[in-house]
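User: I want to learn how to read a structure feature by feature. Can we work through one together?

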Amino acid sequence: MKLPIGIQTFTKIREGNYLYVDKTKFALELIENYDYVFLSRPRRFGKSLFLDTLRNIFEGNKEVFKGLYIYDKYDFQKYPVIKIDWAGDFKTLESTKIVAKSILDRNKEILGVECKSEDIGVCFGEIIQNTYKKYQKEVVILVDEYDKPITDHLGLGEEELKIAYANRNILKKFFGVLKGAGIVDILRLVFVTGVSAFTKVSIFSERNNLIDITASPKYADFLGYSEEELERYFEEHLDRFCKQNGFKTR
């Protein structure tokens, strides 16, 4: 099977006959036991792919999971999903605001809802509430690389640090709506990923039920590949690499 190098779309991997190491057991565990979850891992570690896997689960795309652990263990009930992907240009405070607005606009278009406010935090809250009203279902929120607007500026000097602090204030306002009294009860799952601990960034500090599973032994194999998985799933590729480079095979 082909290696899914650089592919972050779950359906592309499954439908394109790429090698996929089944992580849906962890997805099911997450869905059944948590409402607000945080996970920190380095970049290029599979966070985006796992978020897309969750999106497909909550959007009820059951058939793409055929043959995987979760397929006959979950009802694949459909929920509206808001995806927050912090990819873009964060060089200035203004460019960060533009990225935030584009995220909101993209979700409005996908979900077919609107917001009246120009304030990005208020608009985000309106999108959540209007999505719940439209679909009459709890809302799922998936956040990829929540801290990128901050970490892009760390270690680059005092001026860059000022931008990092300004971006942090934007993010704090943006995600502050998740603790609102009118929001908490209409959320099915909030799953947040990043490379830094959320308690160190002071964005989600007021959201005391955001559970950090980063260091949990139970989720050690949540992302990435264990040695056992490498040997089981990648044996053909490893053997070919060893032969091509003059290394001994097992």
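User: In which helix is the place of Tyr-165?

Analyst: This is a predicted model. Tyr-165 sits in helix α7, residues 158–175.

User: Is Tyr-165 buried, partly exposed or exposed?

Analyst: Read the relative accessible area against the cut-offs. Buried means under 20%, exposed means over 50%, and partly exposed lies in between. Tyr-165 has a relative accessible area of 46%, so this residue is partly exposed.

User: What is the accessible surface of the protein, and what part belongs to carbon and sulfur atoms?

Analyst: The total comes to about 13200 Å². Carbon and sulfur atoms hold 50% of that surface.

User: Now the fold. How many helices and strands are there in the protein?

Analyst: The protein has 11 helices and five strands. Its radius of gyration is 20 Å, close to the 18 Å that the globule rule gives for 250 residues, so the protein is as compact as a globular protein of that length. The C-alpha trace spans about 60 × 50 × 30 Å along the principal axes.

User: What percentage of the residues is buried?

Analyst: Buried residues are 46% of the 250. For the contacts, take those with a separation of 6 or more: 71% of them link residues 24 or more positions apart.

User: Next, the sheet. In what order do the strands stand?

Analyst: Read a sheet by strand order, then by the sense of pairing. Here the order is β2-β3-β4-β1-β5, the sheet is open, and the pairing is parallel. β2 (81–85) and β5 stand at the edges with a single partner strand each, so one side of each has no neighbour in the sheet.

User: How many bridges join β1 to strand β4, and how many join β1 to strand β5?

Analyst: β1 and β4 (residues 187–194) pair over five bridges, in the parallel sense. One of the partner pairs is Leu-39 with Thr-193 in β4. β1 and β5 (residues 211–212) are also parallel, over two bridges. There, Phe-38 stands opposite Asp-212.

User: And which strand is joined to β2?

Analyst: That is β3, residues 139–144, which runs parallel to β2 over five bridges. Ile-82 has Ile-141 in β3 as its bridge partner.

User: How do I read the two faces of a strand?

Analyst: In a regular strand, side chains alternate between the two faces of the sheet. Take β1, residues 36–40. Tyr-36, Phe-38 and Ser-40 are on one side, with Val-37 and Leu-39 on the other. Both faces are covered. Five of the five residues of β1 are buried.

User: Now salt bridges. How many does a search of the whole structure find?

Analyst: The count is 10. Glu-29 and Lys-218 form a salt bridge with the closest N and O atoms 2.4 Å apart. Glu-29 belongs to helix α2 (residues 24–33), while Lys-218 is in the loop between β5 and α10 (227–233), so the pair ties together parts 189 residues apart in sequence.

User: Which residues do salt bridges with shared partners join into one network?

Analyst: Asp-52, Arg-55 and Glu-59. Within it, the salt bridge of Glu-59 and Arg-55 has its closest N and O atoms 2.8 Å apart. Glu-59 is partly exposed, with a relative accessible area of 26%.

User: Last, backbone angles. What is the phi of Asn-17?

Analyst: Asn-17 has a positive phi of about 60 degrees, though not a glycine. Asn-17 is in the loop between α1 (10–15) and α2. At 49% relative accessibility, Asn-17 is partly exposed.

User: Where is the place of Phe-76, and is Phe-76 buried or exposed?

Analyst: Phe-76 lies in the loop between α3 (47–58) and β2. Its phi is also positive, near 55 degrees, in a residue other than glycine. Phe-76 is buried, with a relative accessible area of 6%.

Notes
Residues are numbered from 1 along each chain as its sequence is written. This is a predicted model: local features need pLDDT of at least 70, side-chain atom pairs count only at pLDDT 80 or more; totals for chains, interfaces and linings use all residues. Side-chain values use heavy atoms; hydrogens and water are left out. Buried means under 20% relative accessible area, exposed over 50%, partly exposed in between (1.4 Å probe, protein chains only). Helices (H or I, at least four residues) and strands (E, at least two) are DSSP runs, numbered from the N terminus. Two strands pair if DSSP finds at least two bridges between them. A salt bridge is a side-chain nitrogen of Lys or Arg within 4 Å of a carboxyl oxygen of Asp or Glu. The radius of gyration is taken over C-alpha atoms; the globule rule is 2.2 Å times the number of residues to the power 0.38. Contact means heavy atoms within 4.5 Å. Accessible areas come from the Shrake-Rupley method with a 1.4 Å probe; for residues, only the protein chains shown count as cover.
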